[in-house]
Amino acid sequence: MAEPAGPVRIGVIGVGRMGRPIVDRLVAAGYQLTVLTRRPAARAAAEAAGLRCADTVAETVRDAQVVLTVVFDDEQLRAAALGPAGLIAAMPADGILVQHTTCDPATMMLLAEAAAGRGISVLDAALSGNPRDVAAGQLTVWVGGEEQALAAVRPLLDCYASPVMFAGPVGNGQRIKLINNALFVAQVGLAVDAVRLADSMGIAEEQVLAAVAQGSGASRALSSVAWIGADAVGTRLGELMSKDMSVVRTAAERAGADLGLIGQVLCSEVVERQVLGGGTAPDRARAEHSKAAPGPMKEG
């Protein structure tokens with residue numbers, strides 16, 4: 001794990017599913033953090049762990065040299081970052097914003113424009129992985145922005161991520177993440193449909209998934225279906241992936257890009273109903289009793 005490169009003060013907006021394990025890795029590395037979370041249960045857990053919790057965005061970031069945002073969606077990100085009560089207005093003028101939330105690239109451009117007026121560097125640091133990857137220090141991060149700003153925060157990112165990959169200008173991190181997630185959801189849909197095909201040929205789900213996992217058809221998507229169960233994929237992935245697929249479509253349309261074959265798979269009934277949950281709220285009780293929680297996305 002990387003050692004702190006001096007007394008860096010960090011503010012973290014969002015201490016939930018991904019934010020909390022990131023915070024834990026940074027604390028273990030010796031960094032000083034102030035955190036903000038909107039859910040009472042998450043705040044209680046953070047306080048019980050000895051974390052310094054703030055009541056407002058401004059309180060969280062006003063002394064921070066680096067600010068991390070790990071919230072749910074564009075709406076939450078814009079509310080936290082922009083406007084007179086937002087973090088860009090409140091954080092020090094020479095600070096660095098490391099934006100981890102999956103969002104529309106257009107939102108990143110808004111943040112970068114607002115930050116430029118105050119001399120704040122913005123890094124579009126999109127994540128790929130799950131909480132277990134964070135805990136293992138194996139999260140993938142695609143970073144758009146200035147290479148000098150990335151170099152300044154790389155020791156911090158190295159606490160919980162490997163690899164950290166430079167992606168070019170602000171917005172590219174999100175573009176890569178959206179393409180990645182579109183491909184992942186399409187592959188999950190194909191894996192779920194492979195289970196249907198196998199059943200029609202008299203092969204059980206567990207057998208076909210275990211067998212294909214050792215063949216050329218193996219993928220992280222297939223492993224996720226094997227962990228979760230084909231009939232429970234939507235209850236675990238639907239809420240997050242539905243949000244991301246909506247952003248993918250919006251970003252592609254704005255760019256005049258054709259989603260092509262990936263788009264056809266994303267529009268299929270198996271993806272819409274079984275992977276994305278048909279737009280219904282996730283069944284959290286059922287999700288908790290699905291076959292297993294997905295392990296790290298990476299090996300060892």
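**Exercise 1. Describe the order of the strands in the sheet and explain which sides lack a neighbour.**

Solution. The 8 strands form an open sheet of mixed pairing, in the order S3-S2-S1-S4-S5-S6-S7-S8. Strands here are DSSP runs of E with at least two residues, helices are runs of H or I with at least four, and both are numbered from the N terminus; two strands pair if DSSP finds at least two bridges between them. Strand S3 (52-53) and strand S8 (161-168) stand at the edges with a single partner strand each, so one side of each has no neighbour in the sheet.

The model is predicted: local features need pLDDT of at least 70 and side-chain atom pairs count only at pLDDT 80 or more, whereas totals for chains, interfaces and linings use all residues. Residues are numbered from 1 along each chain as its sequence is written, and side-chain values use heavy atoms, with hydrogens and water left out.

**Exercise 2. Work out in which sense S2 and S3 pair, and which residue stands opposite Thr34.**

Solution. Strand S2 (residues 32-36) pairs with S3 in the parallel sense, over 2 bridges. Within S3, the residue opposite Thr34 is Arg52.

**Exercise 3. Locate the cis peptide bond and the strand that holds Pro163.**

Solution. Most peptide bonds are trans. The bond from Ser162 to Pro163, however, is cis, with omega near 10°, and Pro163 lies in strand S8.

**Exercise 4. Characterise the lining of the second largest pocket by helix and by residue class.**

Solution. Helix H6 (105-116), helix H9 (172-200) and helix H12 (233-255) each supply at least two lining residues, and the largest share, 5 residues, comes from H12. By class, the lining divides into 12 nonpolar, no polar and 4 charged residues, where Ala, Val, Leu, Ile, Met, Phe, Trp, Tyr, Cys and Pro count as nonpolar, Asp, Glu, Lys and Arg as charged, and the others, Gly among them, as polar.
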